[in-house]
Each structure stands twice: as structure tokens, then as C-alpha cells.
Amino acid sequence: QSENSSLLPSFSEEDREIDMEISIIASSFIDGEIGSWDLKTGKALLKFKPCASPAHGLTAVGDKFLAASQLKASGSSGSIFFWSWNKPQVEVRSFPKEPILALTANSEGTYIVGGGKSGEIYLWEVATGKLLKKWHGHFQSVTCLVFSGDDSLLVSGSGDGSVKVWSLIRLFDDLQRQKGSTHEHYFTEHTMSVTDIVIDYGGCNALIVSASEDRTCKVWSLAKGKLLRSIVFPSAINALALDPCGSVFYAGGRDSKIYIGAMNATSDHCTKVLGSISEESKAITCLAYCAEGNLLLSGSEDGKICVWDPKTRHPVRTFDHGKGPVSNIQVVRKTFVTNLNKTLSSWKRNGASLPPPLEKFEKPEEDGIVIVDPPPFSDVPVYSSYLSADLIDEQVRELQQQGSAATEIEMERLKLEYKKSLQMNDQWQKNYENLLQVVMELQNGVTN
Amino acid sequence: MVRPKAPAKKQQKKAIDFKKIKRKLGRKLPPPKNATNTEIKSKAIILPEQSVGAEKSGIATSKKGLTLKELLQQTSHHNPKVRKDALLGIKDLFKHYPAEMQSHKYAIIQKLRERVTDDDKLVRDAFYKLFEADVFPACIEDNLGPMVSLLMPYIFSAMADSSIDVRLMAFKFFHLVVKNYPPTFSLYAEKILENYTDIIQKNHFYVQDKSKLKVALSGLEHCLSLLPCDESDTESQKKGHLQKETLLAYEQDVAEESVRFAHVSEKLKEIVGVLINCFQDFIPLIRARGGLDEASFDCINHILCGVRYAIKFSNRMHIPILDQETASMLLKKLLGSFPLNPENNLSGKVAEWYFILNSVLTEIFLEVSGWSLLPWDISCRYLKFIDNTLRGKFTRSIGESIHKKTLLALVPFVPKLILRVEDREWRDNFMQAFTIITLSDCEPESPLKLALRIPVRVFISVVRDLIIPNGDILYLNDPTVNNDQLAWVDELPSLLTKLGNKHLVSTQQFVKEKKKQRIEHAISVVLQLLIDLGRVGCVKKVLIDRVRCLQNAPSTFKEDTRKFFNPYQEEGAVEPGGPFARLPRKIQELALCFLYYFTIDNFSPPMQRAIVSCCLYPQLKPAVLYRIVEVLHTAYRDGYIQITDHLSFFITLIARFRESIEYDGRRETTFQALTNLVCSCLSEMGDSSLVLQILEKVFVEQIILKPALVNGCGILRMICTLDSIPTRLSESSVTALSEFLPGYLIDIVNCIPEDKEKLSYLYIYYLVPCFHLFDRSSRLTEDVLKRMRLMVSENTRAMLESSVQQDGESSRNSVKLIQCIVSVILLMHNDVKARKIISPFKSEIDLILQNLVTLQSSSLTVEGKHMMKIAGERLRIASNSLLSCTTVTML
């Protein structure tokens, strides 16, 4: 498999039997379709119609199906369309309460998260279409949403220039919510709307890079919750892509140039250019990186999709998406069992069972409030700052095995509390007796 | 070795000579010999004293001729006087040989440190002075860490000495060490605190021995002030540049400050308890009739400040140090005793002392998170004090600087106070008081004004906390939204303009760089707040609310914002226009971000005019101009600006921008870059045919006004960007264009000297939009050529009719015009593409040629005839080649 994936530009008939097919999908702002191409051959695949989705509004839900939020709103409500991989028509239409801009799904494709125009963020369960949670994320429209590598954190960027990091598990902690803090981090250093966010592989300790209309890209540390770098570009940055080695990122500018920014930059300004799409300064609108074969994909205002080799800094291939500006590019990996015919049938099987549409309203929870246990060592300031996916797994495991360490600790704590209250009780009793004695003596004195 | 020996020998000889001279007393010696003698004599007196003196003259010695080594040895002499003298000698030696200190510092400290525990007072004093004046100042540049680690064990042992004086000196000396090397405290925090607890508590200096107590207390206060408080850290981080940490590299486990101090909480608790007890001891003195004396004031002040630091630390770093017991003690013994001067008849200085103590107590009160548990009457006393301070009611008896200091300490607590006080009356009171302080700055008559100049930074941070605590809007959905809060927001733009003007003045006059930076920082702070308000949607809300709430006092927010951006005076205004254009680039960037948020539903025509006049301001840097266009375009894309407003902004910009044609350099001029930018924005706006439809009328209107060459070119380029092949322009627009273009083309030739080869790119730049238009509409080409032909023939007729050489001026003009038209045609002919476009209209060119021919045979001046001849020749060649061109295409 690895050999196949590393030799991308060469293509032969035998490759039809590879285990993984890498295709790219792209959508546009204006009325059009979602185009898909085989990355290796450059062959155009199915076109999914109709679709006009905003930036970051297109996502593959696992490898199950395709979802895109729509710019064209029907009344006050927004719309999200689902396509199965093998049919060009929309199969499922959902109409959330408000127009959704950013849309993303976790890597397994079990949850879909959408960011609304008003700044609300919606979390749906794919299998049932249930709206699990809706919360106030930002003051203005949510422009981009990204899951961390382990799917435990959600990073959202907004038109108000803020970047917030949410822990998916803590979102459901009603106690925390009552205390008023739902987000893990709240970064406000950007002065204009955030256009794109990328996150590296560090899980809950990852570095994230955010791009903004204020012409800067900023590097943040999730572990420390603070700004590490702020790099100024000669133009506003529309899109970001992270190099898999993690030390550089690519930034697509409004001046048609793709810049190379170093995470570890020592200077505040970045002028290193990978390449420029066109002479007429058509803005780069989106970027994607394909780790298999090390290719950088860029979409631009004039509807061109360009595949770059970042090493040589030359374009390798271009796709024509049509007249409208490209709003999204995504690299999709689909795994096959054996040959093409079989996969088609397996697709069909998958495609037949698209999930129900996403619900509009949150159903009130019946069973009390939800509390997430604090992680172990939470009393030590260094460890209390985050909840990682590993921790969640651990807690689940502990829940399954009754009488585990967690419950023991809880018992210990209760015992201690019990002891304390007993002591308190004694104290009160003693006080009472003393008082009584005093009163008695006084009484005696009076009678005497 | 050579030098020292020589004088010794001489000395011996001279001694013998001297004796001989004495024997020959009767004779007079020659004077010169004597003179030399005396000189040597004086040397001879010094040397015999020390037998080993011979080896020393190259080495640094003290006044008494002792080397450092000897002096160090003597510091442990059994006689205290010798020890003291040795220390003084070292001091003296360092004075003359500072380098000696650097090279031997570790050896010196290793020897000297024993003297911390010296049992003689004079020796200890000398030791202290030596370190204070010489050792530490000399080492201040290099790392004191190793030196301190050498000293500390001895200091600790001295701190535990049986003699109280030794102990005190140890504390005093330790204080000196901490002053010079603050990390000392964090390294030995636990042990140090233990020692302080011990000396203050167990050895109970009675209140009588205040000077001794003061030594310990001042050191302790200094140490506690070194406890980290998160707030100041973040403040400095925000202010300064980001530290460049290495990313993606192995990071050593550097413990955070808070973690480093986490284990001292127990000790801190103890020390707070001890301090409170100590304070208790002073109560009788405080309550005494005549008030405090200075020494006890110092002691109490140290105590209270120490407590304040400790509590601040525990609050900010979330390390609890107050358990039930200490907390109740704190409330009862310390806070309960407020206010400290029940009698009011105290004189100046003493009253001031009491005021200071009270304000420190108030700070502690505000820091203690559980103060709401205090009995209400005590809380009320504090609240009253705060209120009075805010309103400046003490100013008569208290010095201005002290009052200001207190105010600065108290003001940051105002938001918290307002949030926490449940009593509505108090809340309104504080709100009002704060508004008075902050906004009274605008009224010069206010008596408070001078005393209460709060730095803008503090003001802004408080306002921010009041309006958007935790980055969240607080009162906006509250129906009882306070007018005061709106008043602050309303005030911000005018504050901005004021600061900006101040900055302007500071750039014009010679003002210290530091002051200028301070103003710049203040501006950026205000802008940052405005941005934050904008991003939470507050600006919009405020504007609406202000309109609704205060009909009689309309909001000045919009006007002030406008004034800030508009570099020209508004009608009737006396003062110069807004300072935006003259601010540094970084602040301009911030201001533009604010503009972006301000545009949300607020982009009114007056604001637009302000921005346009800002863009057209000649001193504005091009980069800022481009950025304004970019920001407004973003605002348009996000739906904040109406399309018509946005388009009219573009047109106005292109039509009004003033720039002369530049001849030097091939670089893009500002206007060319601007045109490119606007064109690319236009092309991003969606269906270009629709945009063209909207704009067509405006374009025609502008073109009829006959704009200058550069602006005309800009407009033509805009049309080209939006138009397609074949043209979508209406008939009437084409007619308007055909009226405009001949003049435009002639202008090109007129304005750019023809002969310079290197300027051909300029021709191309201005001609290309015309060619595009011609390409898209053959009617336009025909009309333009026809018009030019008519011009030629008209002029020809005029020249022929006017009697010979009478009207020299007009005929010269006519000749020039005809020449220009010929040049235009030649230019078109020179371009391969344009040649094809004009080839169908060869007949028009031929007609022009005929006119030229007639002119040549007319009664023109010789010069004119010659010119016409040349022009005619060139045109003929062009026309011929056109013919061949058409025939080729026909073939």
C-alpha cells in the first residue's frame, strides 16, 4: 500500500486494484456542483448537484457520504445536503434553524458539527440525526470548524476574530456550564475575522495555526493555551494547509500567492512564496494537503484547482472546476476491499443506508444533569488543564470495571467527609453542653 | 622583579652617603644633589616598614600595604578590631583596584561569608557596608546565583543564632541579597518564611523595639512582594513582544512559577497569622490619642502590605492559603478594625499615614474573596471609604500623590465591586463615582480633574471589565442597562481623536520618544477595546440604545469616529482634521480593523465620505490605502456594506484620485496598483454583467465629465474588467465613450513625450483599455476614428480659411492637434492586434491623409508644412501597410 501511495504521478491499469483510492472533491460559492477527481489520474469522477457552499462548508462524513452546507437559504432556515458517493443527486436534505456556514465531521463520521451565522454551534449525531447539543459559540458567524487529531477537541474560528477550543466531553457537563465556562481556550488576539484554522497531530497538546483577514497567521499552543507566534503576511490569508512534517504551513493569500510560513518563525514577517496561481491576481480561496504523494492542492477565485509539488514548487496538474470561485477542496480517501466491481457494490450497500436528516431542535434531556468527573490529579495545576481522548477512554474503562480506582477514591473522599461531619457534630454538642451549663449556673445564681 | 630590587639597593647606598655628609658638616653641599636626595628619602621611609614590601609593588594592596590575601586572612583574626580593619581594608582595596573584585569574587565570598555570624557589631556593620557598596554593585551584571548559593547557608545559620543582634543583621543582610538577586526568595522560599515566622513570632520584640522589628518586617514585605501574581505577568506579556520560544523542540520541564510556590502555602498561612498577631500588638498604639509615630507607622505599613501580597498571591494563583481559622482571624482582627482613625482631629502628616494604612486595609478587603461574609456594617465602612476616595473627598487633608496612588490601586477593583455588591444603591453610587472620575477629564473646571488623571490604560481595562467581563457582553440584554456604561462607550471615539491629536502634536514638536510611545500605546489600547466592543456586537447596540434612550443628548459616537478618519476639516470646524492618516502603521492597522466592525450596519454616506477623503489624502501611505480598500471589500463580502455604497466608493476613489503621470522607473505607480486592486475586487463581486449593468450609468456620468488622463484610464479599465466580448454596453454608453475616447487618446500622446523609447510601456498601459473596448465594439472603433477624422478636417478647414499667418497661435494649435491624431493612429497601427481592429476603417485614415495633403499645399508656415509633410508620410506608410493587412486577411 505504501508503495502505491508514494508513487502518485505514475499510474497504470493495475492501480485499479489498490486498496485506497484518493480523490479530491471541490465545491464553489456560486450555484454549481461538487466536482470530484481522481488525484492520480486526474480523471473527473461524479459531479454532485446542486451545491453552492460557503468556505469550510463541505465535508466528507467518514467515508460514508458527502455533506455540504448551502449558501442559498430557504427562508430563515439554512440547509445541509447529503450525497452518497455514487449518486449525483441530493439524497437527504436537512433544514437547520439558521444558515450554516462551517461544517465538519469527526474522522469516523459519527458526528457532524455545524457553525451558524449567528455564532451558534450545532452538534448532530449522524446515525440518528439527533441534535445533541447547540451552544453559543461566538458573537458573529462561525467561519471554520476543525477537529483535533484525536477528535476530542473542536476548534472554531469566527467572524468576530476569536478562536475557541471546545472539549467535546466537557460540553456535556452541565455543572461546568452552570459555572459559565464551557470553552477550554478563548483566543482573541486576531483583530479581524478568522478565515482558516489548521491543527497538527499533537492531540490535546497540539499547535494550531489560524489565518485571518488582519493579514496575520498566528500559532497557538493548546497545552499552554497561549499565543506563540504572530506572523504578518503581505496580504490577507484565505486558506491554510499544514505540511505533514509539521514545521511549515502553507498560506493562500488574496494576492494569488501561496506563502510558506514557518511555525518556528523568528521574524514577524513572512515573504517566502511557494508559487503564484495566476497573473491577474486571482485570490487563492482554499488549500488542502494530500500526505500520500506530498501534494498541495489550491483552489482559486477563477475556478482553477492546482496541484503543486511543494518540494519543487511547481504545479503538477490543474483541474478546471468551472467559472465560479472554488470554495472548498477536500482530499477523500476511500478504502476498497478488492477490485472495482466489488467496491461499487459495497458502495451501493453503504449508499443505500444514508442517515435520516439532521434535526432542527434540541430535545430536552429527561434525566437530570450530566457531570463529567474531574480528571485524576486535577488538584495539581499542571494536569488539570485538559481532558484528552485517552482520559475519556480510561474513564469509560473504569466505569465498566466496577470497584475501580476512581470509585475507590470517591469512597475515600466520602468517608473523609463523613468523618469530618461527625467531628463537627461532636463539637456542636460540646458547645451546646457548655452553654447549657452556663445557663444553669446563671439560673442558679439568680435563684440564689 | 627587577624594579623592586633597584630601589632597595639605592636606599642602602644613600644611607651611607647620609652619614658621610654628616661628618663633613662644615661644607655646603651642592643644591642639585640635595634635591634628588629628598625624593628618594620619602620612598625610603615607606619601604623599611615592611620587610616583604619588596614583593608587593606589582600587586594590589590596600592603603596599609596589605594584599587581598592578607586582608582576607585577617578577617578571621581573633581581635574584632583587626577584623573590622581588614574589612575596611578590603573596601579600600576594591576602591582602587576594581578588577581585583571580579577575578577573586568566589574566593572573597567564601572567606567573607563567615563574618555574617560575627559577634561584634562593628564588624558586622562593616561587613554589611562592604557588600552593599562594593561587592553586589560590582557583580550586578553577571549571574549572582552561584554567589548567593555560597552565602545562603551562612545566612541561615546566622538567622538561627542565639544572639538577637546577629539574627537581625542576618535578616538585614538577607534583605540586601534579595534586593540584588530577587530569585533568591523563590529558591529558598520555604526556609526563609520559616525563619521570618520564627523571628517575628517567638522572639516577640515588643512594640517598644520598633526599629528592630522594622528590619525584619521590611525584609519580609519585600520577599512577599516577590510572590508571583498572574495578572502582572500577563500584562507584561501583552505589552511586550511575544517571547520566541522554540517550538517543536524538546522542552525541559521548567516548573511554572505557581507550581514552584505551591508548597509554600502552609508557610504563608503561618506567616499571615503571625503578621495579624503582630498587628494586634499595635492596636493600642493606633488608638492612642496623638496618633502614630513614624516608626510604628512603618511597621504597620509593612505588616499590612505583607498580608496584602500574600493574599493577592493566593487569589491570583489559586493557591489557597486561608483556611477557616486564618480567614476568620483575618476578618475579625484585621479587617474588623477598620477604619484605623476613629478620631478625625489629626494633623497633616499623621492623617496621611492613617489614610495610607486604611487604603491598604481596603485593598486587603477587596482582595479577600469572602468579604461578603463580613458583617454588613463593616463592609459598609469599607464601601464608604472607597466611595469617598473615588469622589476625592479626602483630597483636602491628603497629599495629591498619595491620593492618586490609592486611587490607582482601587480603581481596578471597581468592576468587581459593581458586579458583587448586591445593594443597588451602592452599585449606582460606584458607577456614578467612576463615571465622574473618568469623564470629568473633559471638563477642565472640575476640581477632581488634576488629582484624578488615571492612565488611559487603566481606564480602558476597567471599562472593558464593566462592559464585557470575561469577553462576554454583560448588560446588553439587561433592561436596566446603565446610561453610564453607554456614556463611556460613547466617549471612546472622542478620546481616540484627542489622543490622536496629541500624538500629532508630539510628532511635530520635539517630544521625548518615551512620551510618544506612551500616547501610541494608549491609542492602541482604546482601539483594541473598540474592536472588542465591535466584535461582540456592542457598538451597534450602543448606537441603537443611545438613540432610543437619550433623545436630547444624541450620540457622538458616529461623528467622532468619522472625525477620526477624515483628515480634512469638517465644515465649520476650527481644529485640524482627524489624526488617522498620520498615525504609525501598526495603529492604523488596528483602526482599520475597528472600521471593519464599525461598518456593521453603520456605513452611512457621511462615513463613506470620510473614508474616501481619507483615501484621497495625499500624505496617506499607499500600503494603507490598499489596506482600506481590502478591509472595505471584506466588509462588503461579509454583507456589512450595501453593494451600491461599495461600488460608489470604488468609483469615487478611481475618479478622484490625483496622480500625475510619472516618467521615472518602470514600477507600478500607486494609482495603477489601486486600479488593479479595485478591478480584482470588482471581478470578485459575482456576475460581472450584472455589476456592469449597475455601474454603467455611473461610468457614463463620470466619463461625460472628462476626467484626467489617469482617472479616465482607471475608469476604462474598470469597464474592461466587467465587460465581455462582444460588448454589453448600451448604445448610449457607446456613444458617450466615443465622444470621450478621441480626447483621451490625444491626451495620451500629449502627456507622454513620444520620442523616449523606454516610455513605450506607459503608452501601452494607457492604450490597452481602449484597444479592449475597440475589440469589443467595432461601432465604437468606427465612431472614434470618424470623430478624429472630423476633427482633422475641421481644423484643416479652419486653417485654410483663416487668412495667412494672421492667427499664428490657433494655427499652431491646430497643427499640433493634427500631429497628435496622426501619432494616435500610428500608435494603434504599431500594435499588432489594434492594427487588425482598425483595418476595416482604412477609409477614415485615408480621409485624414487627404486632409494632410491639402494642408501641405496650403499657405501654412514653412515649419507647419514640414511637420504636415512628415506626418503625412508616416500616415501613408501606415495606411499602405493596413491595406496589405486587409488584403492578407481577405486572402
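Mentor: Helices H9(B) and H10(B) run roughly antiparallel to each other, because their axes cross at roughly 150° and angles over 145 degrees count as roughly antiparallel (under 35 roughly parallel, 65 to 115 roughly perpendicular, the rest oblique). This is a predicted model, where local features need pLDDT of at least 70, side-chain atom pairs count only at pLDDT 80 or more, and totals for chains, interfaces and linings use all residues. Residues are numbered from 1 along each chain as its sequence is written, chains are lettered from A and ligands numbered from 1 in the order written, and side-chain values use heavy atoms, without hydrogens or water.

Back to the pair. H9 spans residues 183-201 of chain B and H10 spans residues 210-225 of chain B. Both are DSSP runs, numbered from the N terminus (helices H or I, at least four residues; strands E, at least two). Their axes come within 11 Å. Axes are lines fitted to C-alpha atoms, for helices over the stretch in contact, with angles from 0 to 180 degrees between N-to-C directions. The crossing is left-handed: the near helix is turned anticlockwise from the far one by less than a right angle (clockwise would be right-handed).

Now the contact, meaning heavy atoms within 4.5 Å. H9(B) brings Phe185(B), Ile192(B), Leu193(B), Tyr196(B), Ile199(B) and Ile200(B). H10(B) answers with Ala216(B), Leu217(B), Gly219(B), Leu220(B), Cys223(B) and Leu224(B). The tally is 11 nonpolar, one polar and no charged. Ala, Val, Leu, Ile, Met, Phe, Trp, Tyr, Cys and Pro count as nonpolar, Asp, Glu, Lys and Arg as charged, and the others, Gly among them, as polar.

Elsewhere in chain B, Gln280(B) sits in helix H13, residues 265-287. Gln280(B) counts as partly exposed, at 29% relative accessibility (buried is under 20% relative accessible area, exposed over 50%, partly exposed in between; 1.4 Å probe, protein chains only). Ser337(B) is 57 residues from Gln280(B) in sequence, yet 9.5 Å away, C-alpha to C-alpha.

Turn to chain A. It has five helices and 28 strands. Buried residues make up 50% of its 448 residues. Thr59(A), in strand E4 (residues 58-61), counts as buried at 2% relative accessibility. Beyond neighbours within four places in sequence, Thr59(A) touches Phe65(A), Leu66(A), Ala67(A), Leu103(A), Thr104(A), Ala105(A) and Gln330(A). Residues 411-445 of chain A are 100% helix and 0% strand, with end C-alpha atoms 51 Å apart.
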